[in-house]
Amino acid sequence: MKKTTIGTIVAVVIIAIAGGVFYATQKSNSDKVNASYNSAMTTGKNAVADKDYSEASSAFAKAFKIKNTDQAKAYKNQSDNMLSAISATKKGKYDNALSKTTSVINKANGYAVLVKQGKKLKTTIEDVQDNYEHEIQPIFLAATEAEVAKQYLKAADQYQRVLDLPYIDGKYYTQYKQKAAKGLAANQKAAKQNNNGTSSQGYNSISGSGQDTGNAGKTGAGAMGNHKVHGKTVTNKQIAQLRKRVGKFGYDSMSWSPQDLIDLYRKSGRTKPSKITRKDVENYLKP
């Protein structure tokens with residue numbers, strides 16, 4: 001065999017071996033990258049399952065750094081928006097919070113679990129906003145008016161109403177609970193220092209048993225603390241619906257406590273708050 005032919009064969013073999021080594025090395029590196037990427041994505045998904053969106057965001061960011069994919073980028077964006085929505089809700093910035101959840105839900109290449117959680121969070125935010133606008137805020141306004149009029153016991157009574165709300169211990173109501181507790185303490189102190197008839201009059205005017213206040217605190221099936229109707233606990237959303245229903249019939253719905261509304265619902269026998277009639281309200285208010 002000619003030397004040139006042997007040399008050519010040797011060269012081809014060397015190139016083949018080198019190519020094989022290069023391919024094997026590349027494949028090994030690729031497998032390591034994929035393994036690291038998949039591990040980071042799995043960590044992120046587990047964090048989402050635990051609703052630890054900060055951890056999820058970090059994990060998806062790590063995955064994106066390892067492997068620049070639309071999926072990792074989208075998952076991180078969703079996690080960040082969930083964090084922002086929760087933070088905004090706690091601060092009472094509901095429009096901003098709802099905007100963030102909408103971004104989570106509509107995100108292209110998004111994670112289905114985050115979409116589902118975003119929808120649930122959006123419903124929760126809407127309930128919190130409704131409770132604030134139709135129940136908490138009006139009570140705070142009434143408390144402020146009483147303070148301006150130096151009716152400190154009346155103001156204290158209003159702040160106590162906020163603290164008695166069935167949902168006030170929820171994590172999205174912390175700022176309102178703190179404000180109510182602070183207002184209650186301040187007005188109780190002012191009432192004690194003032195100690196005159198004006199404060200007592202203010203208290204009686206809000207605590208009396210007039211037609212619009214219902215029968216909160218009565219004994220029996222409708223006693224304070226019984227929050228079930230038809231065997232199911234009445235939701236915050238249903239309480240808001242009941243309040244609107246009572247207001248529709250010309251009553252001062254804000255003077256009704258959540259327990260009043262639940263008791264009305266129970267006594268009416270209706271299957272839905274929207275089915276309650278004026279006659280149901282009148283019958284409930286009868287001595």
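**Around the largest cavity**

Modeller: Asp 130, Asn 131, His 134, Glu 135, Ile 239, Ala 240 and Arg 243 form the lining of the largest cavity. Two helices, α5 (112–148) and α9 (236–248), each give two or more residues to that lining. The largest share comes from α5, with four residues. Sorted by class, the lining has three charged residues, two polar and two nonpolar. Keep in mind that this is a predicted model. As for volume, the largest cavity holds about 30 Å³ of space, and searching the whole structure turns up one cavity of 30 Å³ or more.

Now follow α5 to another space, an open one this time. The second largest pocket has a volume of about 180 Å³. Its lining is made of Lys 51, Tyr 53, Met 82, Ile 86, Gln 117, Lys 120, Leu 121, Thr 124, Lys 171 and Tyr 172. The elements giving two or more residues here are α3 and α5, and α5 gives the most, with four residues. By class, the lining of this pocket splits into five nonpolar, three charged and two polar residues.

That brings us to α3, so let's stay with it for a bit. Helix α3 covers residues 70–90, 21 residues in total. From first C-alpha to last it reaches 30 Å, close to the 30 Å expected at 1.5 Å a residue. After the helix comes Gly 92, with a positive phi near 80°.

Lys 76 and Asp 80 pair through their side chains at 2.6 Å, N to O. Both residues lie in α3, four residues apart, or about one turn of the helix.

In the first, Asp 263 pairs with Arg 266, with the closest N and O atoms 2.8 Å apart. These two are three residues apart in helix α10 (residues 258–268), so about one helical turn separates them. Asp 263 is buried, with a relative accessible area of 2%.

In the other, Asp 280 forms a salt bridge with Arg 270, the closest N and O atoms being 2.8 Å apart. Here the pair links distant parts of the chain, with the two residues 10 apart: Asp 280 sits in helix α11 (residues 278–285) and Arg 270 in the loop between α10 and α11. Asp 280 counts as buried because its relative accessibility is 10%, below the 20% cut-off. Arg 270 is partly exposed, at 30%.

To tie it together, α5 gives four residues to the lining of the largest cavity and four to that of the second largest pocket.

Terms used
Residues numbered from 1 in each chain as written. Predicted model: local features only at pLDDT ≥ 70, side-chain atom pairs only at ≥ 80, totals over all residues. Heavy atoms only, no water. Expected span 1.5 Å × (residues − 1). Salt bridge = Lys/Arg side-chain N within 4 Å of Asp/Glu carboxyl O. Buried < 20%, exposed > 50% of the residue type's maximum accessible area, 1.4 Å probe, protein only. 1 Å grid on protein atoms, 1.4 Å probe; cavity = no way out; pocket = protein on both sides within 12 Å on 5 of 7 lines; lining within 4 Å. Points joined across faces, edges and corners; volume = space filled by probe spheres on them. Nonpolar A, V, L, I, M, F, W, Y, C, P; charged D, E, K, R; others polar.
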